[in-house]
Amino acid sequence: MAVNPPPPPETKINPNDPQVVAEKIKTVFADAVESASAQGIVVKSDKLLDVTRYLRDKLSFDYLNNVTSVDYPDRFEVVYQVSSMDRGGAPLTLKVNAARENPTVPSLVPVYRGADFQEREVYDLMGIQFPGHPNLHRILLWDGFEGYPLRKDYKEPYYEEEKKPFGTRWDQGHHVIAEDRNPWHDNVKYPANFDAMSYKPTQEIYPTLGLAEATSTRLRTDKIVVNIGPQHPSTHGVARLKVTLDGETIVAVEPVLGYLHRNHDKIGERNTYLQNIPYTDRLDYFTSMSNNFTYVIGVEKLMGIKPPERAEYIRVIMAELTRWQSHAVAVGFLYNDLGAFYTPLLYGLEERELILDLFEAVSGSRMMCNYMRFGGLARDVPEDFLGKVQYLVDERLPKRTDELEAYLIKNELFLARAKKVGVLPRDLAISYSTAGPVLRGSGVKYDVRRAEPYSIYDRFDFDIPTGTTGDLYDRTIVRIAEMRESLRILKQALKDVPAGEIMTGKKNYQIRVPKGEVYGRAENPKGELGFFLNSDGSPNPYRYHVRSPSFINMGALNEMAVGHKIADLIVIFGSLDVVMGEVDR
Amino acid sequence: MAFGLGLLNGLRYTFTRIAKTYIGDLRHLGRSHDPKEFARRQSVRGDGIFTAQYPEERVPVPENFRFVPFLVYEPKLDESGKPLVDAKTGKEVIGVERCTACGICSKVCPPQCIWIVRGTTPEGRPKPQAAEFYIDIDICMNCGYCAEFCPFDAIKMDHDYELADYERHTSHVYDVKKLLKSTTYYSKIHPQDWAREEADRKAKEAAKAKKPA
């Protein structure tokens, strides 16, 4: 297994550079490339499958980071980010154009299985067809939904104006309650001639029925479909798992998502860049500090500014504290799923409370931190903050990490339930675009902090823990090991936090973002969180997309769960550590 | 490892925790909600039980805590320099409203919950004072941008988080009357911010006074 080397020095040819890769593609497929620039390679739609296969097999771009789409006045564009697990470095951007009428782009599922959920999302929200997709239907919205909400001409129910700030607020802002502006029965748009009583879903409700023959020869059993959720305590929020069972053995699992869907992308396009920061808090609400961090990194890339040293250090401290507490809660909740109700969870939550106390003292809110700004931080930390973190990092958290490991990981009951359960082999983990502890649990040594170091992570000495078999046990072990690595980073960061400014330039509520496109990413506790931003130079982003690790990790659930018992499904689902606020967006 | 040892090992932690909680209780025998003990339990050095028995016990909020904005006014002062208090309402009499109705808070507000009508002079020209100012607290997401970007220190974040109500359509839309709170209140909940802002203001005034001389 290759170790991610540090990014090659400038003088060497960068193998991930779009122009370099485009030349290589041209030698094999002469007319496949339409154009190539630093923004990415535009590939012809009918050659997309060939090109991606070539990229995967010959140039080792084996990982599909992100699939999204942009609605331009004259065309649609589907944007792919691919990267190499072994080589690391910045992801390569591929683009495919599609016509305005009946946009179609070939499906990438045969090449990257991780494209499954992401293409369904693009189809759902942008209305682009993906011929060759095995199961192309809406994923976040319901089947009878009218329209494609991410298209620029779509107007949502409580629509006021195209962009914020709304002109009605100032200087003649006579208050109107939202329900008065749009009464409750007018806030849903139904298709023409829609009749609720005779409505039949276009999708077969139980497509997984009849997938396999009954396995037992002695006793013939029928397969049944069980819905777990959406109101079920073990689904970590409102998710529904449509499970096909043969007796108690799982034949197929299909996650049904979208119960918390609010179209974060569309809200983000209505907002200004600054107004998006508090909204990112609400994605994965366990890790709001890192969400802020990632979004701010993306916009700073576009603006070409860098925060001062002190701000960089404080950002890293916040991100690593977030990682520790997120993993502590993940391990705690896993025990809930295993049937050890609430006692182990509360041990994790107790330490989390202390970290949240610190976040509250710094930012003013425990979970919705809204602490990072473009070019710095909202405010400096209180005087006693660093001392408190130092005490936690030196004295308290290492002990708690050991304790968590000792009473959980060394417990035979856990070993019996976790070993060889929910196995995700290395190649499948990559193919399914899983990220974070799920990917590393399967033995892939990939961490964005090392592969494409952002902020000041290149200054710290830390390891990337990996598992070997990719089972539930490995994923949990990786989380605990990462908690230790976080503490290691924290210790190094605390040692040399410089004094000084926390903000580059003056604080301004009107932010100028130059034209351009960027995919900003960072290693969140749940995996690679990415923000795809397309700026047209106006105060609001033209396109704003979130690559949500929880959502994409969920795509591998079926692969892990088939063949196990239903009790194991709950634990496998728990080991993915998904947060529905981020899955449904 | 013999089967069951790991299990017993895990239980040892659980029992240690229980014991620690009871030791804490014994230390403050008969005073179950002792504030000192509560503060210790909640601190980074706490062990044993860490839950707060709300509403008997309340976790104190830090100064930066933000919850629903309010408008700041400077109270009218009497001869001795103390704020005048209205005998009827028990509130300090409004001297100067700091808000100039510039609209930055309503422009920066992410969910757009601030509505401002700018005041006009009798001649019909715009006046730097809000005629109407509404905050829809059902929509407010407590992000604190309004307070952060206000150039006049006129809007600040409150600490009062107990806003439960029986009705939401009229009582959850705060108008100027409900939003205005005096600087005395502000200096109490944000002592450090207040001291810093006052020092800045005094430095600016001193610089201004120096210039013409």
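The contact between the two chains takes 41 residues from chain A and 37 residues from chain B, two residues being in contact if their C-beta atoms, placed from the backbone, lie within 7 Å. On the side of chain A that touches chain B, helix H6 (276-281), helix H9 (343-363), helix H10 (385-409) and helix H11 (412-418) of chain A give two or more residues each. H9(A) supplies the largest share of this side, eight residues. Helices (H or I, at least four residues) and strands (E, at least two) are DSSP runs, numbered from the N terminus. By class, the side of chain A that touches chain B holds 18 nonpolar, twelve polar and eleven charged residues. Here Ala, Val, Leu, Ile, Met, Phe, Trp, Tyr, Cys and Pro count as nonpolar, Asp, Glu, Lys and Arg as charged, and the others, Gly among them, as polar.

This is a predicted model, in which local features need pLDDT of at least 70 and side-chain atom pairs count only at pLDDT 80 or more, whereas totals for chains, interfaces and linings use all residues. Residues are numbered from 1 along each chain as its sequence is written, while chains are lettered from A and ligands numbered from 1 in the order in which they are written.

In chain A, the contact between domain 1 and domain 2 takes 22 residues from domain 1 and 22 residues from domain 2. Strand E3 (63-71), strand E4 (76-83) and helix H3 (115-126) of chain A each supply at least two residues of the domain 1 side. E3(A) gives the most to that side, with six residues. The residues of the domain 1 side divide into nine nonpolar, ten polar and three charged.

**The five-stranded sheet of chain A**

Five strands of chain A form an open sheet of mixed pairing in the order E1-E2-E5-E4-E3; two strands pair if DSSP finds at least two bridges between them. Strand E1 (33-37) and E3 of chain A are the edge strands, each pairing on one side only. Neighbouring strands of this sheet are turned by 20 degrees against each other on average, direction ignored. Axes are lines fitted to C-alpha atoms, for helices over the stretch in contact, and angles run from 0 to 180 degrees between N-to-C directions. E4(A) pairs with strand E5 (residues 92-98) of chain A in the antiparallel sense over seven bridges, and A:Glu77 stands opposite A:Asn97 in E5(A). Helix H1 (residues 18-28) of chain A packs on the sheet, touching E1, strand E2 (40-43) and E5 of chain A, and its direction makes about 155 degrees with that of E1(A). H3(A) lies across E3 and E4 of chain A, running at about 5 degrees to E3(A).

**Core and hairpin**

The largest nonpolar core has 181 residues, and those with the most contacts inside it are A:Val78, A:Ile317, A:Leu557, A:Ile572, B:Leu71 and B:Cys146. Such a core is a set of buried Ala, Val, Leu, Ile, Met, Phe, Trp, Tyr and Cys residues joined through C-beta atoms within 7 Å. A residue is buried if 20 or more other C-beta atoms lie within 10 Å of its own, exposed if 12 or fewer, and partly exposed in between. Helix H8 (residues 309-338) of chain A gives the most to this core, with 16 residues.

Strand E11 (residues 516-524) of chain A is mostly covered, with seven of its nine residues buried. A hairpin joins E11(A) to E12(A) through two residues.
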